[in-house]
Amino acid sequence: MRVTQASQSEPPSNQHLDFLQKLYVALEEVDGVTGVMTLKVTPPSLDEQILAYESSGQLSDASLCYDQAIQLRSSDLSLRQGLLRCRLALGELQSALDLC
């Protein structure tokens, strides 16, 4: 197997950065997630923002992103589950009950 070094003028692809971000989240490496976010050329999507906020413990910000994502994709149950987890972790029990 031959490993080659990417040239400095060639930025990493979004596909590679998405993989790295998910890897750093799984490793609970907050600095890695933040670093990958800064390398992206395009603004982060709501899903990427949610991932970054959740991994860094910024659950209030993640909750806001979940609210926005639910408005765009109301039939996506995983978004509602994520919002419910955030609200429970924040101790917003009444708000969590209202979601059910």
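1. Let's start with one residue. Cysteine 65 touches Leu46, Gln49, Ile50 and Tyr53, leaving aside residues up to four places away in sequence; a touch, or contact, means heavy atoms within 4.5 Å. Cys65 belongs to the largest nonpolar core, which point 4 describes.

2. A word on what you are looking at. This is a predicted model, in which local features need pLDDT of at least 70 and side-chain atom pairs count only at pLDDT 80 or more, while totals for chains, interfaces and linings use all residues. Residues are numbered from 1 along each chain as its sequence is written, and side-chain values use heavy atoms, with hydrogens and water left out.

3. Now the overall plan. Helices (H or I, at least four residues) and strands (E, at least two) are DSSP runs, numbered from the N terminus. Of the 100 residues in the protein chain, 23% are buried. Buried means under 20% relative accessible area, exposed over 50%, and partly exposed in between (1.4 Å probe, protein chains only). Taking contacts between residues at least 6 apart in sequence, 29% join residues at least 24 apart.

4. Which residues make up the largest nonpolar core? There are ten: Leu46, Ile50, Ala62, Cys65, Tyr66, Ala69, Ile70, Leu79, Leu83 and Cys86. At least two of its residues come from each of helix H3 (46-55), helix H4 (59-72) and helix H5 (77-89). H4 gives the largest share, five residues. Such a core is a set of buried Ala, Val, Leu, Ile, Met, Phe, Trp, Tyr and Cys residues joined through side-chain atoms within 4.5 Å.

5. Next, how H4 sits against H5. These two helices pack at an angle of about 155°, with their axes 9 Å apart. That angle makes H4 roughly antiparallel to H5. Angles under 35 degrees count as roughly parallel, over 145 as roughly antiparallel, 65 to 115 as roughly perpendicular and the rest as oblique. Axes are lines fitted to C-alpha atoms, for helices over the stretch in contact, and angles run from 0 to 180 degrees between N-to-C directions.

6. From H4, Leu59, Ala62, Ser63, Tyr66, Asp67, Ala69 and Ile70 meet Leu79, Arg80, Gly82, Leu83, Arg85, Cys86, Arg87 and Ala89 in H5. The contact of H4 with H5 divides into nine nonpolar, two polar and four charged residues. Here Ala, Val, Leu, Ile, Met, Phe, Trp, Tyr, Cys and Pro count as nonpolar, Asp, Glu, Lys and Arg as charged, and the others, Gly among them, as polar.

7. Is arginine 87 buried or exposed? Arginine 87, which lies in helix H5, counts as buried because its relative accessibility is 11%. Beyond residues up to four places away in sequence, arginine 87 touches Ser63, Asp67, Glu92, Ser95, Ala96 and Leu99.

8. In H3, Leu46, Gln49, Ile50, Tyr53 and Glu54 meet Leu59, Asp61, Ala62, Cys65, Tyr66, Gln68, Ala69 and Leu72 in H4. By class, this contact of H3 with H4 holds nine nonpolar, two polar and two charged residues.

9. H3 also meets helix H1 (residues 14-26): their axes come within 10 Å and cross at roughly 25°. H1 and H3 are therefore roughly parallel to each other. Asp18, Gln21, Lys22 and Val25 in H1 meet Glu48, Leu51, Ala52 and Ser55 in H3, a contact with three nonpolar, two polar and three charged residues.

10. What covers the buried residues of H3? These residues are Leu46, Glu48, Ile50 and Ala52, and their cover includes H1, H2 and H4.

11. A last stop, at the end of H3. Valine 30, found in helix H2 (residues 30-39), is 27 residues from glycine 57 in sequence and 9.1 Å away in space, C-alpha to C-alpha. With residues up to four places away in sequence set aside, valine 30 touches Ser55 and Ser56. Valine 30 counts as partly exposed because its relative accessibility is 30%.
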